[in-house]
Amino acid sequence: KKPYESLSKYLERTLPGEMEAGKSRGKATADIMFEYNKEPDREMFLPFIWGDAGSPASGGGGGDPDADAYLAAVTTAGGTTDATIDAAVQTLFVDLKIAGLYSKLVSFYPLIGGIATSNRINGNSNTSYDLSLFGGWVHNTDGMISNRTNTYADTQIIPATTLSATDNHTSVLYQDTGAGGGGYDGSGPAPYLIHSAKRALEAFNGSAIMSGLGSIPNFGKAFLVNVKENNTSAFAGANLNGAGYSIKSTKTNAATTVPTSSWTIGKINTVGFFSGAQYWFVTIGNGMSQPEALDLHDIINAFATAVGRT
């Protein structure tokens with residue numbers, strides 16, 4: 001490895017050249033990480049002192065420190081990872097930072113480890129926003145599955161005190177389980193994201209912001225993002241069933257009403273409707289531009305692909 005340079009700095013320095021060569025962000029990042037992690041040439045008479053904290057035998061993280069902290073929290077909670085998941089998490093954190101998105105995420109949930117205690121962990125180490133899980137969630141290596149009967153997860157995030165009314169976003173990557181219902185308008189197989197991916201988000205960001213999404217197929221998968229850029233502009237983007245990401249709806253003069261109850265995943269708080277979906281990834285945080293929302297989609301989709309959530 002290259003102890004003189006962190007992985008995030010190494011990627012930041014080398015990624016532009018790799019992408020200029022025609023590679024996708026994901027391919028370029030994977031190639032760079034492979035090069036970074038190559039075993040260095042060994043000197044025949046390399047000095048070595050047993051117990052030296054700076055020696056190669058001393059162990060330690062060696063990756064992005066925030067990714068290392070998240071992976072450590074997952075395993076401490078009893079979750080299981082492997083080399084593929086560890087590498088995908090490292091790439092996820094580095095890509096989010098390079099794109100300038102990591103600092104915008106008040107909370108994000110990669111949902112790894114395969115059990116409730118690991119899936120509930122907020123990726124940025126702010127334990128105040130670890131999920132509180134209710135009902136009969138099913139947990140597996142793909143994330144967590146709601147049952148449309150009594151499952152929901154409280155994010156502990158109260159928008160009125162945590163987020164700005166004029167600068168915020170939520171996103172979800174999920175697969176419909178065929179359990180039925182749970183649409184962003186109260187019907188159809190889309191998930192209830194935060195309250196719901198339509199009703200509460202529209203209350204926050206203006207009427208009909210999600211209306212341009214169109215239908216989401218049964219047993220389909222989708223990435224949905226809702227963004228409030230500023231006091232007068234909001235937009236919704238989606239990738240529905242692998243058709244490709246695009247902006248589906250925009251709105252000006254968006255509402256500035258801020259909910260005062262904590263946001264939940266999988267349930268409309270005020271109505272009691274529950275989702276039936278496999279949740280793969282969720283983010284909540286500050287606003288972003290339309291190009292940044294595309295970057296967020298690409299980074300999350302690359303992570304999901306790397307860990308087999310396709």
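Student: At what angle do helix α3 and helix α4 pack, and how far apart are their axes?

Tutor: Bearing in mind that this is a predicted model, helix α3 (residues 65-76) and helix α4 (residues 83-98) pack at an angle of about 140 degrees, and their axes lie 9 Å apart.

Student: Why is α3 called oblique to α4?

Tutor: Roughly antiparallel is kept for angles over 145 degrees, and roughly perpendicular for 65 to 115. The angle here is about 140 degrees, and therefore α3 counts as oblique to α4. The crossing of α3 past α4 is right-handed.

Student: Which residues meet where α3 touches α4?

Tutor: From α3 come Asp66, Ala67, Asp68, Tyr70 and Leu71, and they meet Asp86, Val89, Gln90, Phe93 and Lys97 in α4. Sorted by class, this contact of α3 with α4 has 5 nonpolar, 1 polar and 4 charged residues.

Student: What makes α4 and α8 roughly antiparallel?

Tutor: The axes of α4 and α8 (290-306) cross at roughly 175 degrees and come within 9 Å. Since the cut-off for roughly antiparallel is an angle over 145 degrees, the two helices α4 and α8 are therefore described in that way.

Student: Which residues form the contact between α4 and α8, and how do they divide by class?

Tutor: In α4, the residues Thr84, Ala88, Val89, Leu92, Asp95 and Leu96 meet Leu296, Ile299, Phe303 and Ala306 in α8. By class, the contact of α4 with α8 has 8 nonpolar, 1 polar and 1 charged residues.

Student: Which helix gives the most to the lining of the second largest pocket?

Tutor: That is α4, with 6 residues, while α2 (25-36), α4 and α8 each supply at least two. The second largest pocket holds about 210 Å³ of space, and among its 14 lining residues Ala87, Ala88, Thr91, Ala302 and Ala306 lie nearest its centre. Its lining divides into 9 nonpolar, 4 polar and 1 charged residues.

Key: Residues numbered from 1 in each chain as written. Predicted model: local features only at pLDDT ≥ 70, side-chain atom pairs only at ≥ 80, totals over all residues. Heavy atoms only, no water. Axes fitted to C-alpha atoms, helices over the stretch in contact; angles between N-to-C directions. Helix = DSSP H or I, 4+ residues; strand = E, 2+ residues; numbered from the N terminus. Parallel < 35°, antiparallel > 145°, perpendicular 65-115°, else oblique. Left-handed = near helix turned anticlockwise from the far one by under 90°. Contact = heavy atoms within 4.5 Å. Nonpolar A, V, L, I, M, F, W, Y, C, P; charged D, E, K, R; others polar. 1 Å grid on protein atoms, 1.4 Å probe; cavity = no way out; pocket = protein on both sides within 12 Å on 5 of 7 lines; lining within 4 Å. Points joined across faces, edges and corners; volume = space filled by probe spheres on them.
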